[in-house]
Amino acid sequence: MNQVWAVVTGASSGIGAAFARSLAARGHRVLAVARGSDGLVRIAEELRKAGGVVETMATDLLSAEGVAATCDKALALGDVELLVNNAGLSTSGRFLEQAAERELQSIRVKAWGPAGRRGGHSGPMVRGVKHRMRASRAGPGAKSW
Ligand SMILES: NC(=O)c1ccc[n+]([C@@H]2O[C@H](COP(=O)([O-])OP(=O)(O)OC[C@H]3O[C@@H](n4cnc5c(N)ncnc54)[C@H](OP(=O)(O)O)[C@@H]3O)[C@@H](O)[C@H]2O)c1
């Protein structure tokens with residue numbers, strides 16, 4: 001079992017749930033994030049039955065409070081090695097026929113949410129993950145960010 005955590009947003013269904021399963025199977029501890037708690041409870045129970053270590057966070061990543069609470073929880077867990085920035089809205093059909101507000105919400109969840117900008121600086125989730133990744137790359141051939 002790795003001691004490091006992977007944060008998976010949109011982990012309650014679809015691609016995010018598949019990421020959560022795959023990472024847990026590889027020994028990562030998983031912080032699973034989505035709005036609805038029912039889907040999160042289901043995936044957490046499934047992964048724990050399989051021997052995984054899972055924490056859940058039911059929150060809306062469209063809200064500044066939701067992003068901040070997720071960042072705080074992720075950093076409180078300890079070593080966060082990986083952020084799977086997957087939460088988003090699925091749309092289908094022709095782009096020009098989509099509702100503009102729904103497209104904008106999707107962009108906000110994917111791009112603005114995890115960055116969680118505060119006071120003009122990248123949010124703690126991104127900075128925390130970058131810091132851990134930089135540390136894990138230390139040594140010959142390590143690249144600086
Ligand atoms: N499936 C495809 O063919 C495809 C193609 C291109 C891109 N994508 C992208 O891949 C990602 C996953 O797609 P999917 O098909 O797996 O979609 P999905 O089954 O609808 O899953 C979306 C996940 O994001 C969560 N979510 C949505 N809005 C959220 C918010 N505001 N705050 C927190 N969590 C939120 C959902 O849970 P809650 O509803 O409980 O919040 C759910 O866990 C999406 O970003 C999608 O745009 C998918």
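Guide: In α1, the buried residues are G16, A17, F19, A20, L23 and A24. Buried means 20 or more other C-beta atoms within 10 Å of the residue's own, with C-beta atoms placed from the backbone. Down the axis of α1, these residues fall within an arc of 155°, so they line one face of the helix; the arc is taken over directions from the helix axis to the C-beta atoms.

This is a predicted model: local features need pLDDT of at least 70, side-chain atom pairs count only at pLDDT 80 or more, and totals for chains, interfaces and linings use all residues. Residues are numbered from 1 along each chain as its sequence is written. Helices (H or I, at least four residues) and strands (E, at least two) are DSSP runs, numbered from the N terminus.

Now the length. Helix α1 covers residues 14-25, and its 12 residues should span 16 Å at 1.5 Å a residue, the expected span being 1.5 Å times one less than the number of residues. The end C-alpha atoms are 17 Å apart, which agrees. G27 follows α1, with a positive phi near 100°.

Next, the cover. The buried residues of α1 are covered by elements including β1 (5-9), β2 (29-34), α2 (37-49), β3 (54-58) and β4 (80-84). Contact means C-beta atoms, placed from the backbone, within 7 Å. A20 touches V8, A11, V30, A32, I43 and L47, leaving out residues up to four places away in sequence.

Last, the ligand. α1 and α4 (100-115) each supply at least two residues of the shell around the ligand.

Notes
Buried ≥ 20, exposed ≤ 12 C-beta atoms within 10 Å, placed from the backbone. Contact = placed C-beta atoms within 7 Å.
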